[in-house]
Amino acid sequence: MRSAWLDGGRLRTVDVTPMGGGRYRLTVDDVTLELEAQPMGEGSLRLVTTDGAVVAQVTAAGARRFVRLGHLDFTVERTVASGRGGSGSGHAGGLESPMPGVVTRVMVAAGDTVKKGQPLVAIEAMKMEHLLRAPHDGRVKKLRAKAGEMVGGGVPLVEMDAG
Amino acid sequence: MFRKVLIANRGEIACRIAATLREMGIRPVAVCSEADRGARHTRVADEVAILGPAEARASYLNIEALIRAARAAGAQAIHPGYGFLAEHAGFAAAVEDAGLIFIGPTPEQTRTMGDKRAARALAGGVGVPVVPGAEGDDADALAAAAKKIRYPVLLKPALGGGGKGMAVVGDEAALREGLEGARRLALSGFGDASVYLEKRLEHARHIEIQVAGDGQGNVLHLFERECSLQRRHQKVMEESPSCAVDAPLRERLCGAAVAIARAVKYRGVGTVEFLLGPDGKFYFLEMNTRLQVEHPVTEWVTGVDLVRLQVEIAAEGRLPLDPSALAARGHAVEARVYAEDAARGFLPQAGRALRVRWPESPFVRVDAGIESGDEVPVHYDPILAKVIAYGPTRERALGRLAQALDESMVHGVITNLPFLRALARSPDVARGRFDTEWIEREFLDGFAALAGAPVPEMVLAAAALAEELGANGASHARDGKVTAAEDPFVTAGRWRHPGLS
C-alpha cells in the first residue's frame, strides 16, 4: 500500500509490501528497507532489521502521527498522495490562524487597500498575541475573522488579492 | 491548622499544592472552569466546584465565584497558586472580607509589590539599585522617556509578573504600535491595562532570591535561583544554585532581597528578582508576592517544602524555620514542559494528550498537570509539567535532567520536549555560559535547523506500518504506562537523525 505523508513542508511517500511472516519491504521516498514488524500492543511496534531492533510508538491524532523512536519524538501528517500539501499550509500567504485561539481584533475590512506588513487580524491564545500581517501590498478580498470568535489552527482568516 | 483549603488555580500547580495539603492532613478543594471538567487537578482533590465558562475572566479570575465556592465547601483558607489571582490585591482583600484566610501576603503588600512602579521606588528607598525605566499611560510621555534611556526598552504590564505580556521594542514606531497590544494583554492577563517601560539590559542574567517573612518584620531567605534560560522573557529552565553567583555576591543579593521584604514586613513566601550585569552589578527587577513556577529547585537544595511554609505562615503567623539552620546542598535543575511547537515558532498547541509518560527515577521529580487522555485547552497558560532533577553537582543534575527529558513522552499535543532535550545537552548550558537572551541569540537557529531536518526514513516506515497493522496507539488509558523503548541507536545506521546522535 502506498501512503503519503507531510514532514514539515515536504511531501514524502511510503510503499509497504507485505512479504509474509510479519516481514515487509518498505520504500520511503527512494530508500528501500526490509524489516520484520512485531506489534507489541499499546501502539508499540518492534521493528527488526538485519542491523538490529528498534521500538517505535505511534499515536494517531486525526491526520497527525506522533512517532517515538527510542527517546526521540517526531511528528508527521498523513495526507492524500496528490503531490501537494494536504492542509494547504503556506499558499494563503501566512493569512491562516497560526494556532487555535480567539480573534481579538480585526483591523481591516473587505475591500480595504493594505500595505505590506500592515497588521490585519490579532489572535490571542494562552496569553500570547499574534498579529497576522499583509504579506504584500494589495487589497483585502475576503475576511473570515470576527472579533471574539474562536478559531482553530490553520484556518484561513483573510484572503488577499495577488500582489 | 486549617482543615480544608480551596486551591484557586488549575494545572500542575494546583496538583502540587494539593499534594502538600494532603500531607499536612488538610483537605484540598479544587475549582475548575467548564473547559477543565475532569482535569487532573480536579481528580486529585476531595471536591470540585465549577466556577464558570472557559474564559479565565469568567472562571479562574472570577472572585465572586471563588469565594462562593470556598464558603460552600467550608474551606478556611484559599491558596492562589501562581498566575490568575495570585497577585491581585482585590482578591486577597475580598478573601479576608469574607472571613477567610488568604495564603499569601497582605492585600497592601500585594498592591505595593504588584505595582511595579511602587516596588521600584521601595527598592530604591532601601538602597537597592533599580533598572532605569518610566511609567504612565501617555504614549508621548513614554516615547520621550524611552528616547532618553535609549532603545531597546521593554514594555511590561504594571501589575504583571512572571514575564507575561512583556514586549521588547526597538524604536518609537514599534513602541506606539505595540502599546495597544501590550495594554490588552495586561488587561486580559492581570485585570489592569497599565503598562510601564524599562531599559533592556544586555547580556544580563536573571537571578532571584527566595524569601519568606512572618508579617512582623522577620524575614529569611532561601538562597538564589538562576533563571537566565529564557525565551521571549519566559523562563524555560531554572536551577539552584547559580554558577554566576559566588559567596560574597550571594550574600549581597540575599541581603538586598531581605531588606526589600523587611521594608514592607512581608508576610508569606515571595521572590525578589534581580538582573545581574556582566560587570557583576545587580538591579532590582520586581518582587513576586507568590509561589514561583520554579520553586521546586529551591525545595530540593534546601529541603524546605515552600507550600507547607506558606500554609504554616498563614495559619500560625510565624516563621517555622530557624534561618541559621538553613543551608543549600547539591544542585537542582528544572525544565518547563509547554504545549508549544518549538519547530514552528513555539506556537501554542491545544488538543487531547492521548498518551503521556513521565519519568520515574531517583533524583527526578515531575510536577505534572496532565496524564494520558487529558485535554489541553486553548484558554490558559500552556505549561503542562515541570521536570526537575537533582544531583550532588551541577553536572550530575543536568545529566539526570537530560535523561529524564528523554524518558518523558507526550503524544497527541505537540510539546517543547525536543527543545528542552537539546537545551539540556547544549555545551554552553553545561558550561553555564548564558544570559537572558542567549537562547534567542545563539541557540534557536541551530535548534530550528535540527527540528526542520527531514525525519529519518524509519519514522515514516513506522507510521506507515502502524497504519497497515492497525497499531496506531490512541490509548486513552490514564495510567500512562507505555512499553519501555529499546535504544534506537542499535540500528541507527542510515536513519540516524542529523545532529541528534
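This is a predicted model: local features need pLDDT of at least 70, side-chain atom pairs count only at pLDDT 80 or more; totals for chains, interfaces and linings use all residues.
Visitor: Why is B:Arg365 called buried?

Guide: The cut-off for a buried residue is 20 or more other C-beta atoms within 10 Å of its own, and B:Arg365 has 20 such atoms within 10 Å, so B:Arg365 counts as buried. B:Arg365 is found in strand β20 (residues 364-368) of chain B, and, leaving aside residues up to four places away in sequence, B:Arg365 touches B:Pro296 and B:Ile388.

Visitor: What makes B:Ser194 count as partly exposed?

Guide: A residue is partly exposed when its count falls between the limits of 12 or fewer for exposed and 20 or more for buried; B:Ser194 has 19 C-beta neighbours inside 10 Å, and is therefore partly exposed. B:Ser194 is found in the loop between α8 and β9 (195-199) of chain B, where, not counting residues up to four places away in sequence, B:Ser194 touches B:Asp137, B:Ala158, B:Leu159 and B:Ala186. The C-alpha atom of B:Ser194 is also separated by 8.9 Å from that of B:Ala182, a residue twelve places away along the chain.

Visitor: How do you know that helix α13 (residues 417-424) of chain B is mostly covered?

Guide: Each residue is set against the cut-off of 20 or more other C-beta atoms within 10 Å, and eight of the eight residues in α13 of chain B are buried. Those of α13(B) that are buried include B:Leu417, B:Phe419 and B:Leu423, and also the charged residue B:Arg421.

Visitor: What makes the crossing of helices α7(B) and α8(B) right-handed?

Guide: A crossing is right-handed if the near helix is turned clockwise from the far one by less than a right angle, and the crossing of α7(B) and α8(B) is assigned to that hand. The axes of helix α7 (residues 139-149) and helix α8 (residues 172-190) of chain B come within 10 Å and cross at roughly 145°. The contact is made by B:Ala139, B:Leu142, B:Ala143 and B:Ala146 of α7(B), and by B:Glu172, B:Leu175, B:Arg176 and B:Leu179 of α8(B); by class, these are six nonpolar, no polar and two charged residues.

Visitor: How many residues does each chain bring to the contact between chains A and B?

Guide: The contact takes 58 residues from chain A and 58 residues from chain B. On the side of chain A that touches chain B, the largest share, ten residues, comes from strand β6 (residues 52-61) of chain A, and the residues of this side divide into 34 nonpolar, 13 polar and eleven charged.

Visitor: Where in chain A is the predictor's confidence lowest and highest among the elements?

Guide: Chain A averages a pLDDT of 84, and 88% of the residues score at least 70. Among the elements of chain A, strand β12 (residues 128-133) has the lowest mean pLDDT, 78, whereas strand β3 (residues 23-28) has the highest, 96. Over residues 82-93 of chain A the pLDDT is below 50, although this stretch has 16 contacts in the model beyond near neighbours in sequence.

Notes:
Residues are numbered from 1 along each chain as its sequence is written. Chains are lettered from A and ligands numbered from 1 in the order in which they are written. Two residues are in contact if their C-beta atoms, placed from the backbone, lie within 7 Å. Helices (H or I, at least four residues) and strands (E, at least two) are DSSP runs, numbered from the N terminus. pLDDT is the predictor's confidence in each residue, from 0 to 100. Axes are lines fitted to C-alpha atoms, for helices over the stretch in contact, and angles run from 0 to 180 degrees between N-to-C directions.
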